[in-house]
Structure formats: C-alpha cells, structure tokens
Amino acid sequence: MLTINIPVYNIEVNDLARQLLEQAQELKIDFEIRIYDDGSADAIKIKNRELAKTPHVIYHELEQNLGRAAIRNKMGFDSLHKYLLFIDADSKVISERYLENYLKFVTPGCVLCGGTAYSPEKPARQEKILRWVYGRQREAVPAKERNGKKGFIITSNNFLMDGEVFKKIHFREDLGPYGHEDTMLGYDLFCAGINPIHVHNPLEHTGLEDSSVFLEKTRNALENLRYISEKIVDNRSVFCHRVKFLAEYNKITSVVPPFLLRWFFSLFRKVMEKNLTSKNPILCWFDVYKLGYFSMLKRKK
C-alpha cells in the first residue's frame, strides 16, 4: 500500500518516524518506513540507529553522500509498496490524520502535494527570521491557490506519488548540487501530461536556515536555474513561461533594461543584504535582489 521515504542528512528523526508509525498502524494498512542516512555526522547516526529496531522501519546508512536527487531516487526504486510518500527530515507532523488525509485522495497514477506550513511564532533568533518570513508569506500557500497556478509546483518535502509513475518520471540527477530538482520533476510531469493535485495536508518546516545561508542557497539556486533554462530543458519557451521567477524576469526586462538591474544590484547589494539579514526583512527587497543577481548571471554567459 504505502512506503514512507525519509532521506536524512544531519537531522534526528526519531519523533517524526514514531508519529508516522503510530498513524500507519492505526489505519491498519500495509506499509513501510524507509529512513536512509546520506552521510550524517556520527552523533546523528547514533541517535537514528535506534529506529532500526522498530518494526516496519528500514534504516540504512549510505556509504557515501548521494545528494538530494539521487537519494530520493534510490529510496523510490527500493520501495516495496504501490504508493510512495516522500517527507523531508526537517518536517513536523501537525495533523493526527496526516496519512489518512493523503489516502483519501490516492488513485492509480496520482501525484499529490500536501503543502508546507510554518510556525506562527516568530523565531527568537534574528538569524532565522528571513527564512521564516519567506516561508510564511511565499511557501505556505493554500491548496486551492496552488492548484490554480500555472507553474511546475512540486514540493519534495511533502508529496505522494504512484510508484509506477515514479519509475518513469523521477528526480534528475544531472542538475548539480544547487537546487531546482523539484522544478524539473514538475516540468517532466507536465511534459508527460501529468498534473499534480494539491491537497491541504501540510507538514511544518522546522529546519530554518540562517539568513546568510538562505541568501547563499538562493544565489546558488539562481545559478542552477539559469543553467537548466539554457542547457537542460527541451522546450525553453514553455519552461520560461511557466516558471514564475523566469516569467517575471522576462516581463520586467522587457520594460527595464537589464543593465539597470545590474547597476542597481551592484550599488545597493550590501544595503539589501543588511536588511534581509536584519530582524525586519522586507521581501520586496528579496525580489529585487534575486532579479539583480540573475541579471548579473545572464551577463556572464
């Protein structure tokens, strides 16, 4: 019936696994929980190894780090059951009917996305605020709104997929370490005529990066997005039209010359970074920051 896949890198997942185990047992379904460690520190491994003694749990430590896409593919191919649920390790179950909520929607060939939630409490540490604000305002989107968007919206932290579909369409492993595996999975599903269904079944994202780390990851992801859009996808016009950031960039640069974006970014980069790492980050500055940095990348090609 159901394989729950939790890839792990330096996160202790005992509580998460036991919550899911309890829910699955109450539903009286055939299930397994696969927990694959992708090169965590020994201290984390020691804590998670306790799960290996638990019925229905397959705990496995990989000999070398595979990366986000490859480990998810390996887990999907190793799975024994028809439906595959992928959950990020830095997730918190916030519904006692989380698994039941998914199973109400499963049908052959389905791809279901449950969504993401964030704590309503502002982080005590200033370094975590940008990631929290961004998550609350941009990622915690209602299912109805997600279903109405035209982009390739797949959030790999919380989605369920028919295993037969996954065998044919899974994560690409040639994108490098800098993100957009989700985007490409959504693109490949779109090209195959498969439309994910977005349901209200969120997990809370608890792994908030420091603001400086989040900005670095954003820059890296933009570099990868440029590479994907120019070198990887077969239908560049469709990809650029349906990926929200690229569509917005093209729309803005049809009015504002790219050299002005680069000039503004060079002049005000430090000012924007100071705001974005402060206790009151303004997301419109984050948007301008991304546009300016992407324009700089485009010039380098």
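Predicted model: local features only at pLDDT ≥ 70, side-chain atom pairs only at ≥ 80, totals over all residues.
The protein contains 13 helices and 10 strands. Of the 301 residues, 51% count as buried. As for the contacts with a separation of 6 or more, 78% of them are made by residues 24 or more positions apart.

Seven strands make up an open sheet of mixed pairing, and their order is 3-2-1-4-8-6-9. At its edges stand strand 3, residues 57-61, and strand 9, residues 197-198, each of which pairs on one side only. At the strand 9 end, strand 6, residues 111-113, runs parallel to strand 9 and is joined to it by two bridges. Within that pairing, L112 has I197 as its bridge partner in strand 9.

Helix 1, residues 14-27, touches strand 1, strand 2 and strand 4, and its direction makes about 165° with that of strand 2. Helix 3, residues 68-78, also packs on the sheet, touching strand 1, strand 2 and strand 4; in its case the angle with the direction of strand 2 is about 150°.

How many of its residues are buried? Seven of the seven are, so strand 1 is largely enclosed by the rest of the structure. In a regular strand, side chains alternate between the two faces of the sheet. Here both faces are covered: L2, I4, I6 and V8 are buried on one side, and T3, N5 and P7 on the other. Strand 1 runs parallel to strand 2, with seven bridges between them. In strand 2, R34 stands opposite N5.

There is also an open sheet of three strands, in the order 5-10-7, again with mixed pairing. Strand 5, residues 91-93, and strand 7, residues 116-117, each have a single partner strand, so one side of each is left without a neighbour in the sheet. Strand 7 and strand 10, residues 203-205, run parallel and are joined by two bridges. A117 is found opposite E204 of strand 10.

I turn now to the helices, starting with helix 5, residues 129-139. Which way does it lie against helix 13, residues 283-300? The two pack at an angle of about 95°, with their axes 11 Å apart. They are therefore roughly perpendicular to each other. On the helix 5 side, L130, V133, Y134, Q137 and R138 take part, and they meet L283, F286, D287 and K290 in helix 13. By class, this contact has five nonpolar residues, one polar and three charged.

Helix 5 also packs with helix 9, residues 211-232: the axes come within 7 Å and cross at roughly 60°. This pair is therefore oblique. I129, L130, R131 and Y134 of helix 5 meet S211, F214 and L215 of helix 9. The residues of this contact comprise five nonpolar, one polar and one charged.

Further along helix 9 we find K231. Is this residue buried or exposed? K231 is exposed, with a relative accessible area of 62%.

Finally, helix 8, residues 181-191, is mostly covered, with nine of its 11 residues buried. The buried set is E181, D182, T183, M184, L185, G186, Y187, D188 and L189. Among the elements covering them are helix 3, strand 6, strand 8, helix 7, helix 9 and helix 10. After helix 8 comes G193, whose phi is positive, near 80°.

Thank you for your attention.

Key: Residues numbered from 1 in each chain as written. Heavy atoms only, no water. Axes fitted to C-alpha atoms, helices over the stretch in contact; angles between N-to-C directions. Helix = DSSP H or I, 4+ residues; strand = E, 2+ residues; numbered from the N terminus. Parallel < 35°, antiparallel > 145°, perpendicular 65-115°, else oblique. Contact = heavy atoms within 4.5 Å. Nonpolar A, V, L, I, M, F, W, Y, C, P; charged D, E, K, R; others polar. Pairing = 2+ DSSP bridges. Buried < 20%, exposed > 50% of the residue type's maximum accessible area, 1.4 Å probe, protein only.
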